[in-house]
Amino acid sequence: MTRLISFLAHAVYMGTPLLFGTVGEIQNEKAGHLNLGVEGTMAMGACAGFMVAYKTGSLWLSILAAFLMGALVSLIYAFLTITMMANQNVTGLTLTIFGTGLSNFIGEQMISASPTGNLKLPDGVMSSLKNIDIPLLSKIPVLGDVLFSQNIFTYLSIVIAVIMFIYLKKTKVGLNLRTIGENPAVADAVGISVVKYKYINVLIGGGICGIGGAFCSMVINGGVWMANSVNGLGWIAVALVIFAVWNPARAIYGAYIFGAFMVLKYYFPKNLGFTVPESFFDMLPYLVTALVLIITSVKKSRERSRPQSCGINYFREER
């Protein structure tokens with residue numbers, strides 16, 4: 001039982017950056033924008049959050065810096081895709097390459113300028129990143145150790161996911177945003193400021209992704225700066241949006257399921273009489289990500305295809 005609890009707690013821990021990235025991307029897509037720049041946005045958030053924490057010793061300033069950097073990267077994306085009407089896929093991919101490269105470059109420059117030859121967060125920040133037991137709730141059997149004995153980033157990610165769910169599903173502003181994402185012409189016809197809504201939500205979504213990046217550089221890496229700290233989690237987050245059916249509440253358990261795949265290699269039984277290569281477990285999250293995308297794509301293709309009795313195929317008719 002102790003091993004199971006440890007596995008579940010570790011899955012929640014590793015699912016935290018995925019939850020930030022997924023919720024941020026959901027907000028982008030609800031605004032009608034498929035942002036493939038999540039990986040680059042998280043990388044820049046990772047850089048900003050770590051460097052501010054390293055320089056100031058303040059955890060909250062680092063979280064704010066990560067959010068603002070994520071929003072700044074998304075502002076570039078928003079300007080190009082909303083104002084300039086550039087291709088969303090190309091712009092997102094460009095920002096991923098740019099954000100990842102710039103983050104690594106800044107990190108290398110900071111290491112070169114450091115007298116010790118490395119970058120390590122101050123002890124005050126590291127102590128703030130330790131797990132926090134929520135009174136009473138942390139005493140609940142199993143669930144308490146798994147969900148209510150986590151670090152501040154994990155709690156923040158859950159709160160943001162819940163707020164985003166309420167915002168999108170229960171508020172008039174959220175309804176307006178969903179209308180814009182589904183049919184911007186209709187939204188404009190009823191007097192909704194399409195451009196304003198798109199800019200605000202794309203920026204907020206990018207900021208949330210940036211906080212997820214800060215978790216990678218500050219927590220997963222143990223408070224020591226490492227290049228490529230996001231390490232593909234942004235791409236998994238894009239697939240998780242589909243897995244969660246564009247629902248921030250479902251993104252919570254979706255992120256933790258994928259987090260479980262990522263830590264499975266540490267808990268897989270060793271006494272089964274056969275050996276599973278460690279590289280298989282490293283590949284597993286990305287394999288599941290690919291399967292989610294393939295299954296969803298096939299399902300959508302079938303839904304959009306007319307029965308054979310109708311004669312011509314739907315796609316041909318559209319052309």
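Which residues is L19 in contact with, leaving aside its neighbours within four places in sequence? The first legend takes that up, after a quick note on the model. This is a predicted model, so local features need pLDDT of at least 70 and side-chain atom pairs count only at pLDDT 80 or more, while totals for chains, interfaces and linings use all residues. Residues are numbered from 1 along each chain as its sequence is written, and side-chain values use heavy atoms, with hydrogens and water left out.

**View 1. L19 and the nonpolar cores.** Leaving aside neighbours within four places in sequence, L19 is in contact (heavy atoms within 4.5 Å) with S157, I158, A161, A251, I252, A255 and Y256. L19 is also among the residues with the most contacts inside the largest nonpolar core, together with L18, L129, F153 and M218. That core holds 71 residues, and α1 gives the most to it, with 11. A second, separate core has eight residues, including I82, L95, Y199 and V202. A nonpolar core here is a set of buried Ala, Val, Leu, Ile, Met, Phe, Trp, Tyr and Cys residues joined through side-chain atoms within 4.5 Å. Buried means under 20% relative accessible area, exposed over 50%, and partly exposed in between, with a 1.4 Å probe and protein chains only. Helices (H or I, at least four residues) and strands (E, at least two) are DSSP runs, numbered from the N terminus.

**View 2. The largest pocket and its lining.** This pocket has a volume of about 380 Å³. Of its 21 lining residues, M14, I220, N231, L233 and M262 sit closest to the centre. Five helices each supply at least two lining residues: α1 (2–30), α10 (194–220), α11 (233–243), α12 (248–263) and α13 (278–304). The biggest share, four residues, comes from α13. By class, the lining has 14 nonpolar, five polar and two charged residues. For these classes, Ala, Val, Leu, Ile, Met, Phe, Trp, Tyr, Cys and Pro are nonpolar, Asp, Glu, Lys and Arg are charged, and the others, Gly among them, are polar. On a 1 Å grid over the protein atoms alone, a pocket is an open set of points where a 1.4 Å probe fits, with protein on both sides within 12 Å along at least five of seven lines; lining residues have an atom within 4 Å of a point. Grid points are joined across faces, edges and corners, and the volume is the space filled by probe spheres set on the points.

View 3. Rings of Phe, Tyr and Trp (its six-membered ring) pair if their centres lie within 6.5 Å; planes under 30 degrees apart count as stacked, over 60 as edge-to-face and the rest as tilted. By this rule the count comes to eight aromatic pairs. F7 and Y267 have ring centres 5.4 Å apart and planes at 65°, so they pair edge-to-face. F7 belongs to helix α1 and Y267 to the loop between α12 and α13, 260 residues apart. Both partners are tucked away: F7 is buried at 17% relative accessible area, and Y267 is buried at 16%. Y13 and F215 form another edge-to-face pair, at 5.5 Å centre to centre and 65° between the planes. Y13 is in helix α1 and F215 in helix α10, so this pair ties together parts 202 residues apart in sequence.

View 4. A46 is found in helix α2 (residues 38–56) and is buried at 0% relative accessible area. Beyond four places in sequence, A46 is in contact with G210, G213, A214, S217, W225, S229 and V230. S74, in helix α3 (residues 59–83), is buried at 1%. Leaving aside neighbours within four places, S74 is in contact with N35, T41, V202, L203 and G206. T91 lies in helix α4 (residues 88–113) and counts as buried at 8%. Not counting residues up to four places away, T91 touches Y77, L80, T81 and A86.

**View 5. Two valines with positive phi.** V142 has a phi of about 65° although it is not a glycine. V142 is found in the loop between β1 (132–133) and α6 (143–147) and is partly exposed, at 32% relative accessible area. V245, also not a glycine, has a positive phi of about 55°. V245 is found in the loop between α11 and α12 and counts as partly exposed at 45%.
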